[in-house]
Every structure is written in structure tokens, then in C-alpha cells.
Amino acid sequence: MAIDFFSDYTMTIDGRAASASATFEAFNPATEEVIAVVPDASRDQLEAAVAAAKKAFPAWSALPLVERQAYVARIGDAIEAHAEDFMRLLTLEQGKARAGAEWEIGGSAIWCREIAKQELAPHMAEQSDMRSVETRRVPLGVIGGITPWNFPVLLAIWKIAPALVAGNTMVLKPSPWTPLCTLKLGEIVRDILPPGILNVVSGGNDLGAWLTQHPDIRKISFTGSTETGRRIMASCSGNLKRITLELGGNDPAIVLPDVDIEKTAKELFWAAFQNSAQFCVAAKRLYIHEDIYDELADALVAYARTVKVGDGAEQGTDLGPIQNKMQFEKLKDLLADAKAAGNRFLLGGEVADGPGYFVPITIVDNPPEDSRVVAEEAFGPVLPLLKFNDIEDVIARANNTEYGLAASVWTKDVTKGRAIAERIEAGTVWINEIHSFSPHVAFGGHKQSGIGIENALEGLAEYTNSQTIVTNVPAI
Ligand code: NAD
């Protein structure tokens, strides 16, 4: 049956559509217009979703791995088959421009297919005539997935694909700011998976908290802010749930004086402003060697002036609005603080009147290291440029943060770049490129940017327990 992506948003509980007596509204961030009415799950509905996932678990986990892999690959095929609708809806609810929507939806299909090829082989620790010791991986049970609003589809797939391949079932809760694509994903999956394997429920932060407290949920896989991550970890301690937390970042980019200025300026622009800088791994502090500071700053500003900010649905738009009012207000406050502190803007800084949550591309000229625009994760298009002249000093400044998600180093001297990268406290350090992700490459934060890994076999293993079976063969 054809699915209408632009109306009738229902949750998926036990393979069936579920509406709710309470509802909330979803908005287009480019116009502030209401675009949908969304079910607000009751506690009973959450109970039903968890019960369905629990009931489905024994049969699902008993399926041969190749069958589960085939199901997950089919989810990828279905995303591709509905790609145009997904991209339009993603732009409508999230705000991102076409190229960003293509990257996210295309990536979601690829992730399903690639994770569906992964397998955790058992490890024989000992094998003799007398005894065998085998460590294998077994699924956990019901997983609770909680996702943010910046990449709602891809980050959900990063959880769904490995959780299901590993033999778990799931209850997934999208952000209340961007629930629509995820609800449609649930609807599509009703025709693919047996009931109860993937349940999708929508609601506010309370619904997330209920998931983290639920005794029948064995693991929470969360992507979102560090602040919420702390709450989730505390709540999950109730029954010692497993957790994977992918949290915030304040990623440094270190630019050495030997770079090609024009080329690097363009790359750094996108490193910082992709997805309107609502990107956990956006370059958020740009440390530029003093010898090239002025020239690179000029090139960045010149390139930024060629980039079009606007409604993501309009042709020619490169960067869309801020996704929601809460984040928009936070950014306005950050800009007001920067202004009050006397920070100098090389570009932007003034938020025009609406409609739409638009923040202009803003570049701040060498603010003090302890200013809010440097110390906080802006999660929006406000980028501080910072001067350095000493490698030891810049490494110390790059590491002087509670975060440790990612970083980048830019230089023609890759040996030097590598030596710097090794000293950065972050889960991923890119040299002369940025934001290359793969289903086969481990991703996770150091320090308060997270706990655990997503992607690669390491990420798959996080959806399992280790079980060792020791067999002592009796002598006949
Ligand atoms: P958020 O923490 O406000 O919300 C994320 C999700 O958690 C939402 O679904 C929300 O409803 C839910 N939630 C809120 N309170 C909860 C609670 N007490 N218990 C359970 N669930 C709760 O984050 P956000 O504003 O949606 O996303 C932006 C943040 O996400 C940024 O800090 C960004 O850096 C981070 N992020 C990290 C990664 C990564 O992979 N490390 C990726 C994308 C975004």
C-alpha cells in the first residue's frame, strides 16, 4: 500500500498503527508553520510497545543470522524505494537543504545494507581433546533507542540496524522536534518485519525517561546532549542497563601554516557549518596558526558570503534554519553574550526577524579562550577563529574541554599532523579531511562526549552480552 508521507502520523506498536489521545505539533523551522499533529504516547502505550518487543524477542533472536541480516537489508531497500518522500519530509521537519537530505537518506540505506553484512564470530579460547572454551555473543533483549533532532533518520538507523542484526528487538523514540520521518520509517517497517521487532513511539522527554526506567529494557542506546546523557546514565543504573551514549562535542580544528589557503578555507567552512552546524562533530573551535590567520580568515569569510542560507526546500539553498525554537533562543543568547563581551564579528552576528529560525553564518575574530563562544558547544552557525603560534600551546587548548568527540588537523606535513592527532583527547581525529564516516569504522566519544562505540564490529558487539561456554568432554 502506498504510504502518504505528509499526513497521518501514527506510532508503530506490535506491528500495528497506534494513535494517541494526547497529541503535540510538529513545525517547519523555515516558516514556523504547523506541519503535523503527532501522537503523544501514554505510559500504557509505552508498556504495550515494550511488551510487544519482549514477546517478539525469543523468535527473533532464534532466527539464523542470515535471516535477520536479510530483514535489515530490506529496510535499507525500502528506505531507498521511498527516498524522495523521506528527503522531502526530512527537509520539511528538520530544515536541512537538499544535499544534506540526500546524504542522510542515502547513508541510511547504505548503513542498513552494510551493517547487515556484519557478523560477530565466536572465539575459541581453548580446544583440546578434553575441553573446549568458546566465547560467543548473545543478544541482550529489548533495546530502547533515543535519538536527537539533527540527523533523525541516520542516527536512528545507526541503532536499529546493529540492534536487530545482533538479535535484539527495539522500542525507538525520536526527538519530539523531529518525529515525522521516524514515524514513517516505523510505518514502512510494519510490512517488512514481524510484529514487535521494531516499535516506534513518539512523545516528549518524559517518554524517554520512562524508557530508561523500564525494567524490561536491557539497554539504552542514546544520541543527544551530554546533559541528558548524564540523566540517562543515572536512570539506567536502576537495573544496571547497558548504555551506549553518543553525546556532545566541542571539536577543535588545528590549522598549520603550510596549508593551501583557498582550498582549506572551503573545506573548513563545511567542516564547521554543515547542517547549519547542528552537527555533533562540527569543527567548533578553529585554531589557526598566526602566520596565516588573517589570510585564512579573509578566505573563509569570502567563501561564506557565497553560501546561501534559506528554506531548505528552495532550490539553491545551501544551509537551512536552526531546527527548533529552543535551540534558536539559545543561539540568540550566545550571540548577545558575545556582543556584550565585546567580541568582534568578521561576519554575521545579527539575527533578522522571522518567520523561520534563521541564524546567519557568524564568524568571531579571536575571542578569549574562556569566552562562551569558545567554551560552549554552540550547536549552530557561530564559529570562533582562534590564533596560535606554538604547537604545545594549541594541543593544550584543544584538549582543555570536558568533551572529546572528534578533532581535525590540517597540514601538508602528514607526519607532523599524525603526531598532533595522537595527542588529541578525542574518539576520532581526521587529518586533512573531516566527517568521513563508515558502517565499518568505530565512532565514539572520549571524556564527557560519550560511552561506548557505534558502527563497526565493536558497535555491533555493544548490542550483545559475551557468553563463555566451557565443555569438558568426559573420557570414555
Ligand atoms: P537532547 O539531549 O535534548 O535530546 C535527545 C533525545 O533525548 C530526545 O529524543 C529527547 O526527547 C530525549 N530526552 C530528553 N530528556 C530525556 C530524559 N530525561 N530521559 C530520556 N530521554 C530524554 O539532545 P538534542 O538537543 O536532541 O541533540 C543535540 C545534542 O546531541 C548535541 O549536544 C549534539 O552534540 C548531540 N549529538 C551527538 C551525536 C553523537 O553521535 N555523539 C550525534 C548527534 C547529536
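Glu-84 is partly exposed, with a relative accessible area of 40%, where partly exposed denotes the range between buried (under 20%) and exposed (over 50%), computed with a 1.4 Å probe and protein chains only. The structure is a predicted model, in which local features require pLDDT of at least 70 and side-chain atom pairs count only at pLDDT 80 or more, whereas totals for chains, interfaces and linings use all residues. Residues are numbered from 1 along each chain as its sequence is written, and side-chain values use heavy atoms, with hydrogens and water left out.

Glu-84 is joined by a salt bridge to Arg-98, with 2.9 Å between the closest N and O atoms; a salt bridge is defined as a side-chain nitrogen of Lys or Arg within 4 Å of a carboxyl oxygen of Asp or Glu. Because Glu-84 belongs to helix 3 (residues 83–94) and Arg-98 to helix 4 (residues 98–115), the pair ties together parts that are 14 residues apart in sequence. Helices (H or I, at least four residues) and strands (E, at least two) are DSSP runs numbered from the N terminus. Arg-98 is likewise partly exposed, at 34% relative accessible area.

In total, 30 salt bridges are found in a search of the whole structure. Within helix 8 (residues 226–236), Glu-227 and Arg-231 are four residues apart and thus separated by about one helical turn; their side chains meet in a salt bridge with an N to O distance of 3.1 Å. Arg-231 is exposed, with 52% relative accessibility. A further salt bridge, at 2.9 Å from N to O, is formed by the side chains of Lys-284 and Glu-377. This pair links distant parts of the chain, 93 residues apart: Lys-284 is in strand 13 (residues 283–289), and Glu-377 is in the loop between helix 12 (372–375) and strand 16 (382–388). Lys-284 is buried, its relative accessible area being 8%. Asp-333, Asp-337, Arg-372 and Glu-376 are connected in a network of salt bridges.

The aromatic pairs number 15 in the structure. Rings of Phe, Tyr and Trp (its six-membered ring) are paired if their centres lie within 6.5 Å, and planes under 30 degrees apart count as stacked, over 60 as edge-to-face and the rest as tilted. Trp-103 and Phe-151 form an edge-to-face pair, with 5.9 Å from centre to centre and 65 degrees between the planes. As Trp-103 lies in helix 4 and Phe-151 in the loop between strand 7 (142–146) and helix 5 (152–165), the pair ties together parts that are 48 residues apart in sequence. Trp-103 is partly exposed at 42% relative accessible area, whereas Phe-151 is buried at 6%. Phe-151 also pairs with Phe-279; the ring centres are 4.9 Å apart and the planes stand at 55 degrees, so this pair is tilted. Phe-279 lies in the loop between helix 9 (261–273) and strand 13, so its pairing with Phe-151 ties together parts that are 128 residues apart in sequence. Both Phe-151 and Phe-279 are buried. One aromatic cluster is formed by Trp-111, Trp-158, Trp-430, Phe-437 and Phe-443.

On the surface, a patch of negative charge gathers Asp-260, Glu-262, Asp-294, Glu-295 and Asp-298. Patches are made of residues with over 30% relative accessible area and no salt bridge, like charges being joined within 9 Å and nonpolar side chains (Val, Leu, Ile, Met, Phe, Trp, Tyr) within 5 Å. Helix 10 (residues 293–304) gives the most to the negative patch, with three residues. Asp-294 is located in helix 10 and is exposed, at 51% relative accessible area.

How values were computed: Areas by Shrake-Rupley, 256 points an atom, 1.4 Å probe, with all protein chains shown as cover. Lys, Arg positive; Asp, Glu negative; His and termini not counted. Charge placed at Lys NZ, Arg CZ, Asp CG, Glu CD.
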